[in-house]
Amino acid sequence: MVQITILTQDGKATAIDAAPGTRLLDIVQAAGLPMEGTCGGAMACSTCHVVLGEADFDRFPAPSEEEDDLLDITCGVSETSRLACQLVITDAHDGLKVMLPAEVRSLLF
Ligand code: FES
């Protein structure tokens, strides 16, 4: 297990023990934290938008062109934004910190 901390806009930090090989989307949802993931990981909605710290951003493989394209039209993105459905946690991600954005809008509707 690796420990991940989820930070919400109200300043709350939630530490989660996550199994390597699991998508960040599934980890956050299983913890009962607010993440819609409307498309279930089909990269069609952007409701799994997260913001990583700069150092943590580099701990994942680069986003695909499709992910970058979706992030380009997502509200409130930053240089270190990612889609949680595209991030698979490994043993190398112990100590990861993930910020949930203030607002997400589904691009499906
Ligand atoms: S769950 Fe829809 S883009 Fe990630």
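Arg59 is partly exposed, because its relative accessibility is 29% (buried means under 20% relative accessible area, exposed over 50%, partly exposed in between, with a 1.4 Å probe and protein chains only). Its salt-bridge partner is Asp56, which is buried at 12%. A salt bridge here is a side-chain nitrogen of Lys or Arg within 4 Å of a carboxyl oxygen of Asp or Glu.

This is a predicted model, in which local features need pLDDT of at least 70 and side-chain atom pairs count only at pLDDT 80 or more, while totals for chains, interfaces and linings use all residues. Residues are numbered from 1 along each chain as its sequence is written, and side-chain values use heavy atoms, without hydrogens and water.

By the salt-bridge rule the count comes to three:

| Pair | Closest N and O atoms |
|---|---|
| Arg23 and Asp26 | 2.8 Å |
| Arg59 and Asp56 | 2.7 Å |

Arg23 is partly exposed at 25%, and Asp26 is partly exposed at 28%.

The protein chain has three helices and five strands, in the order β-β-α-β-α-α-β-β from the N terminus. Helices (H or I, at least four residues) and strands (E, at least two) are DSSP runs, numbered from the N terminus. The C-alpha trace spans about 35 × 30 × 25 Å along its principal axes. Of the 109 residues, 42% count as buried.
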